[in-house]
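Here are a few notes to read alongside the structure. Have a look at it below, then go through the points in order.

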Amino acid sequence: MTLKLEIYSSKLPMETQSEEMLQTQSHQPPPGRTFLPGEASAAGTILPISVKATVTLKLTDGGFFSSLLGLCNPLINLSDLLRKSLLLELVSAELELRTGSERRPISRYAHRVGQKDGDVIYQSEFVIPENFGEIDAVLVQNGHRNEIYLKYIIIHGLPNGPITFNCGSWVQSKFDNPEKRIFFSSKEQSYLPSQTPSALKIMREKELINLRGNGDRDKLASDRIYDYDVYNDLGNPDSKPELGRPVLGGSKNYPYPRRCRTGRPRSRTDPLSETRSGSFYVPRDEEFSDVKEAAFIKKIVETVVHALIPSLETALLDNDLGFPLFSNIDQLYYEGIPIPKLKNPGLLQRILPSIVKALSDAKDLILKFETPAMFRDKFSWLRDEEFSRQTLAGVNPYSIKLVMGQEWPLKSTLNPDVYGPLESAITKELVEREIKGFMTLDKALEQKKLFIIDYHDLVIPYVSKVRQIKGTTLYGSRALFFLTPDGTLKHIAIELTRPPIDGKPQWKQVFTPVSEATGSWLLEVLRTHCAIEPFVIATNRQLSVMHPIYKLLYPHFRSTMQINALARQVPINADGIIETSFSTRNYSMELSSVAYHQHWRFDKEGLPADLINRGIAVEDPTAPHGLKLLIEDYPFANDGLMLWDILKQWIAEYVSFYYTDASMVESDTELQEWWTEIQTKGHEDKKDEPW
C-alpha cells in the first residue's frame, strides 16, 4: 500500500501573494520560493541536485461525528512498517526536446519519520537530474486503505529555496479511486487557461474532468464529485405516503435551483423522488472542519429545541391551541419552562449549557431562552414601532419595497374567478386617516413615502391547501408603512385575506401588525442557500484551482454545500422543523419554488440593483456609494453599501490584474463554460428568462 506522489515542473512565471498574507493562513506553512524566468531552477544547474520531500498528513480531521464515534483510524499499517507507504514520483512538466514526449519520472519511496501535534510526517530523498525544469505540480496517490488528509508537501534543497504545495485536502485510497490527485505548487499561483504551461494544461483539464464525474453511481463519502440534481429528496414517501413531496426543479410548475447530485437510488413508491436512506453526500472537501462542525451542531440543536417547545409537554399548553396567551411566550425568556423528565438530562445540559439550567435541587430542568439583544425591554416586540424597525433592521430586510403611484389602489394580479375580488381592503380613506397631519395619499405617493411588504399573491394559492391540515390556518398578507418626516417608518395597516373556500366568499380585513416570519425563512433558504449552490458546483466543475476567479470565490463558498445538505436532512425536509413550525406546513418548500419563479433574478441580486429594484434607492452620482436612499435610517442598506463598495473596489483591482481587457474575458474558456453552466444547468429553469 503506497501513497504515490508525482511532481511536475514548468517555466512560466507565477504571481504569488506576499509572505505576510500567507502567514495569516494558520493551517499553512510559510510559502516556498518560486522561480522567475532566467533564474536558476530545480534543474537549472550543470550538476544534478539532491533534494528532500517532506509530506505532512493530518492524523485525523474526521469531524465531530467521526470523533464522537471513534471512527478515526491511525495511518500506521504494514506498508508503513516496511517503509514503503509513500511512493514519490518527480515528473517534469517539460517535454523531451527531441521527441516531444513526457520525461520519465523519478521514483522514490518515502517513509514515516514521526508524528507531531496530530500530524504524521513522511520524507523521501532523491536526485533531480540537470535540465529537469521547475516544480509546479504534484500528483498524489494514496496507497492506504483509508482516506488521508494531506496538509502540505515541501521540497527542500533547491537552489532558490524550498517549494511548498499547500494541499489542504482529503485524498482517497487508491482502492476506492485509482485516479491520482493533482496539486499545483503554492495555491497562491494563478494561471488563466491560455497562460498555463502546456504540460500543466493537460493535468489542469484532467482534474476538472475528474471533479465532474459521470453521474452514474452512488457517491462514496470520500468522493470529490460535483454534479447537478433537482430537489427530489425532501420527501420520504417510502416511510409514509403523506410524507411525499413534489420535486422542486426541472418543471414549469416547480422551478428551482439545482443541488449537488448524491447518486442515491430512486424511491420505491415514487420513481421521481430519491430515497433518503444513508448519508447526504457532499464532496469531501466541502465538509466542515472539526471546529466549525461542532459550532454548527450546537446552533442547530438550539434551533431544534426552539422548534420543539410547543410539543414538549401537554402540561405546558394544549398542543391543539398552541400558545393561548402572550404570557406563555414571555415565559420562555423570563421564567423558563419545566422540561419533562429525561432519560439522559446530562446530555442536554452538556450540549446546551447557555439555555438549559438545572435547579438547585437537581430534580428538574428549566428550559430558558436568552432574550434577543434587539429587544430593549420585555414589551418592545409588541409595539408597532418595533415591528416597523424590524422591517429595516431585522432578520429579513429584503422584502420591503416602495409603493409606486401606478400601483395604487393596491390590487392582486391573480384570477378573480378563483381567488375573489382583486381590490385590497386597504383603502385611500384608511391610509389618509393614519397619516393625517402629515400629507394626503396623493402627496405620499408623489413624494415616495409609502412602502409595502406584500406576500398576498405569493401565499393566496396555498391558503386552501394549508387549511386542510389539522390545526393550521393561513392568510394572504400585506403590510403598509409610511415614512414620517423624522425618517422613521410608521406602520399603517396589515391586511389578511382568505380566498373563497367551501362555498364561503372571499374574506379580507385590515388588522394590527403580525409577524412576517414565513417570508423571512423563505428568502433565507432560497436566496442565501439554494440559489448559491449552483455557483459552488459550477466553480468546482469548470474553474481549475489555478484559476484566479476560483481563488477569489473559494473562501466565500466554503461549507455552503454542507450546510445545504444538512438543511435537507433536518430543517426543510418533510415533517421537519420548517413544516412543523410555520403556518405553511407541508407546502413550505413548494412555496419557496413559487417565490423563485416570481421574484428571483440574478441581475437584481446585487445590493445596489436590489435597492433600486425595490424603489428604496435611486441612482445619484453625488451621493455616497452612488445611491440616494429614500429611507435614510435603513441599517441593512447603510452598512451593506459600505461593504459593497469595499468589496467592489478590491475585486475590481484583483480581476483587472489578470484581465487587462475585455477580450481576455471572452477568450477565457473556463470562465465562459462556468457562466454557461450556471445558466443552463445550475439555474436551468431560468435559462430562457429575457434578462
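What share of the contacts in the protein chain with a separation of 6 or more comes from residues 24 or more positions apart?

1. The answer is 68%, where contact means heavy atoms within 4.5 Å. Keep in mind that this is a predicted model, with local features needing pLDDT of at least 70, side-chain atom pairs counting only at pLDDT 80 or more, and totals for chains, interfaces and linings using all residues. Residues are numbered from 1 along each chain as its sequence is written, and side-chain values use heavy atoms, leaving out hydrogens and water.

2. Now the overall picture: the protein chain has 22 helices and 21 strands (DSSP runs numbered from the N terminus, with helices being H or I of at least four residues and strands E of at least two). Of its 691 residues, 47% count as buried (under 20% relative accessible area; exposed is over 50%, partly exposed in between; 1.4 Å probe, protein chains only).

3. Take a look at helix 16, which covers residues 560-569. Seven of its ten residues are buried, so the helix is largely enclosed by the rest of the structure. Among those buried are Met561, Asn564 and Arg568.

4. Thr560 also sits in helix 16, and its relative accessibility of 11% makes it buried. Leaving aside neighbours within four places in sequence, Thr560 touches Ile532 and Val536.

5. Ile651 is partly exposed, at 33% relative accessible area.
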